[in-house]
Amino acid sequence: MVATGEQASEDFHDSENGELSIFNCPVCSKELSDLRRLNYHLDNDHSFGEPQELATHPVNKQVKGRHKRDGFVAGHLKAFEPGISCCHECGRLLRKGTGIVNCHKCGELFCGAHCRNTIKLDSHGRYDPQKGRWYVCCYKCFGARPGYNDYGSSRELTETLKSLRTMKNEDKQLRIIQLENRLVRLLDGIIAIIRQYKGSLLEGFRVQKDISKLERTVTSWRDDNEATHCNICNQVFDITLRRHHCRLCGNIVCDSRSTNCSNQVPIYNLMNAANDLPFTEATQELVSDNVSIRLCSECIHNLFFQRKFKKEVRQPLSPLLSQCESISNTSRVIIQLTASLGDIERIKSISQAPEQFDVNESNKLRAKLLRAVASYHQSTKQISMIKPKNNAEKKIQQSVRMASSIFIDEKVLQLKSLPCINPPQIYHAPESQEVVKLSNFLADNLSIKEIKEIKQFREELMVLKEQAFLVETMIENAKKQRNFEEINILNGNLQELESRMQTIQEYLGDQSFA
Amino acid sequence: MFQFKLVLLGDSSVGKSSIVYRFVKNSFDEFRESTIGAAFLSQTIKVKESDDGEETVIKFEIWDTAGQERYKSLAPMYYRNANAALVVYDVTQQDSLVKAQSWVNELKNKVGDDDLVICLVGNKVDLCDEDAEDNKRAVGTEEARSYANEQNLLFYEVSAKTGLNVQQIFQSIGEKLFETKSEEIAAAKNRQIGSSNDHVNVQLQRASTNDPTSCCF
């Protein structure tokens, strides 16, 4: 910090000349022996800028009072009162034996064990990692200091992204509105011209001329010379690849067949595709007139892509797709029901004595589940009956059929593996019709026998695993007792168990555990 | 010393494990927990050789299977290659005899070994006091015995609690197994002796060299 004020600078000037070694404070006119002291005086007594320590200077050490040990302003440190002061951390009464330490940061008193960290503080007990000196502090203050537990810094950029996005979207929207306005003006103008010359002798000659005049008023065309290559596909123009202007944005583009950078579009089509725009002229009379305008692919995309999408969304779904939707809804219901049913059964099997309420509830759920499965089956059948309109629909049909059969296999297996406390006829009785349907359906996909077999094998596998574990512990025990004969026998059995497990696992393949 | 594999089969809670523990450890636990999977124990007994009063040691590897339906699939692994099977039923439960009979059928159908010794054992006879009022017997001794004779099974009624007849089951099984085994050994010995007496005559005559087309000179 450099002393400011006229007087100070004068003094400074004088001292440079070597004639005056006493500085006068510009504020209180106090005499000070050198520039350094003057700066310190200004900073501290008149609070210019940050208070600075003079601790490094040998002279200042003598000036400090005892309570200002090492330049530390002890104001916030709590005084020790014998018999009353307790450790702020552990609450123990402080004595000489426990150690009596102030945390220099928060000022609280601690026992020696709980005030062991050091922290860099300035003379007022504020955290100062650069200029500060090391002082004792408690663990809390140590941990609370900024930057202690930060694993890198994070910046919240969501807002920035949002604003950027809205800006861009607004720009795009504006651009689209502009293009739409231009389109309306252009088409209205063209129709007006056609109507004006309808039936006149000059028709063939004037119409084209007027239209091209109009086109240039709608948008300013770029200069042909400034473009050496197409602005969309970057192909270089030459004799075969001619320059063309988009009639809406005025951009210079090619008309290459392969890239479709620009196309002649009949105005009748344009009007139909954008029939929500406020065209003032009627369209009918133009059916015969084959007038087209050139549009670049970007403008076509900007104008019509969203429009087309919205239009398609508004149209009703094809029967195949609506059926697909209903299937996916039913499958969601089935998944939910199996999950909740499984929960109830698990609770029941744990609590052993099922409450009547639980039993009723689970029966209800079962009935619901069976109904859902039946309707699922119905929908899949209907889907396979619908005649596909095109290749895509055919593909959809096939994959739906596959997915649904896999889904039903899984779910029915799960349903069967649910432990049932109550006899099956209780919940099957009211749904006999559905049950019949279901079993018919199962016969189509996976015979009941097969399901039973798989279930049996799974159970056997589980039992075998259990037994293998038991035998392993038996072997361990036999080893401890040095009973080697038994170990041999048990090892033989373990091998048998393992080979059997392997055969079952091979047989079940993917279905070993659902 | 001979070693035999023995397996216990039967409905759950008829007392298979109790019989084994009575035999192996000579102890009885009123509140035994039901067996999980199959437990393994071994015990040796001594069998008198017929003529000169010499004794042979027989070791039983006992596989005590769980009777619960869940572990049914484990049983074939243990009765396969077994030398003896104890099919246990509970004399106070008629159903357990039915179950035991189905086990006997399964053993006869699935195990090819004709030498398999099957012993039908009715457990819990301590609960039956012919004169007492609360006689819990549900399966008559004669009924079971006639079935055992019909099927050519050994038959015992035992009590694991009092230890009645338990030792005898294993003793008689051991004797029967030893009998067949020693017969087998004798037969094998005879065969060996017989084969060593049979001489195989190998003719080591020289081939004729008179034939001019022969390659031998």
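Lys124(B) lies in the loop that connects strand E5 to helix H4 (141–151) of chain B. In this predicted model, the residue has a positive phi of about 70°, although Lys124(B) is not a glycine. Lys124(B) counts as buried, because 23 C-beta neighbours fall inside 10 Å and the cut-off for burial is 20 or more.

E5(B) pairs with E4(B) in the parallel sense over 7 bridges. Within this pairing, Ala84(B) stands opposite Val117(B).

Both strands belong to an open sheet of 6 strands in chain B, with the order E2-E3-E1-E4-E5-E6 and mixed pairing. The edges are formed by strand E2 (38–48) and strand E6 (154–157) of chain B; each has a single partner strand, so one side of each is left without a neighbour in the sheet. From one strand to the next, the twist averages 25°. At one end of the order, E2(B) is joined to strand E3 (residues 55–65) of chain B by antiparallel pairing over 11 bridges. Val47(B) has Thr56(B), in E3(B), as its bridge partner.

H1(B) is mostly covered, with 8 of its 10 residues buried. The buried residues of H1(B) are Lys16(B), Ser17(B), Ser18(B), Ile19(B), Val20(B), Tyr21(B), Arg22(B) and Phe23(B). After H1(B) comes Asn26(B), which has a positive phi near 55°.

The C-alpha atoms of Gln171(B) and Ile45(B) are separated by 7.2 Å, although the two residues are 126 residues apart along the chain. Gln171(B) is partly exposed, with 15 other C-beta atoms within 10 Å. Taken as a whole, chain B has 5 helices and 6 strands, which run β-α-β-β-α-β-α-β-α-β-α from the N terminus on. Of its 217 residues, 34% count as buried. Among contacts in chain B with a separation of 6 or more, 70% are between residues 24 or more positions apart.

Chain A contains 15 helices and 10 strands. Buried residues make up 19% of its 514 residues, and residues 24 or more positions apart account for 58% of its contacts with a separation of 6 or more. A positive phi at a non-glycine residue occurs in this chain as well: Asn234(A) has a value of about 65°. Asn234(A) is placed in the loop between helix H6 (203–218) and strand E7 (244–245) of chain A. Asn234(A) is exposed, with 10 other C-beta atoms within 10 Å.

The pLDDT of chain A averages 77, and 79% of the residues score at least 70. Over residues 1–19 of chain A the pLDDT is below 50, and this stretch has 23 contacts beyond near neighbours in sequence. The pLDDT also stays under 50 over residues 421–437 of chain A, for which the model has 18 contacts beyond four places in sequence. Where pLDDT is low, the predicted coordinates should not be read in detail.

Between the two chains, 12 residues of chain A are in contact with 11 residues of chain B. On the chain A side, the elements that contribute two or more residues are helix H14 (448–480) and helix H15 (484–508). By class, this side has 6 nonpolar, 1 polar and 5 charged residues. A UniProt annotation, from an unreviewed entry, assigns a "coiled-coil region" to residues 480–507 of chain A. Over those residues the model is 89% helix and 0% strand, and the end C-alpha atoms are 37 Å apart.

Methods. Residues are numbered from 1 along each chain as its sequence is written. Chains are lettered from A and ligands numbered from 1 in the order in which they are written. This is a predicted model: local features need pLDDT of at least 70, side-chain atom pairs count only at pLDDT 80 or more; totals for chains, interfaces and linings use all residues. Two residues are in contact if their C-beta atoms, placed from the backbone, lie within 7 Å. Helices (H or I, at least four residues) and strands (E, at least two) are DSSP runs, numbered from the N terminus. Ala, Val, Leu, Ile, Met, Phe, Trp, Tyr, Cys and Pro count as nonpolar, Asp, Glu, Lys and Arg as charged, and the others, Gly among them, as polar. UniProt positions are given in the numbering used here, feature names are shortened, and annotations may be inferred rather than shown by experiment. Two strands pair if DSSP finds at least two bridges between them. Axes are lines fitted to C-alpha atoms, for helices over the stretch in contact, and angles run from 0 to 180 degrees between N-to-C directions. A residue is buried if 20 or more other C-beta atoms lie within 10 Å of its own, exposed if 12 or fewer, and partly exposed in between; C-beta atoms are placed from the backbone. pLDDT is the predictor's confidence in each residue, from 0 to 100.
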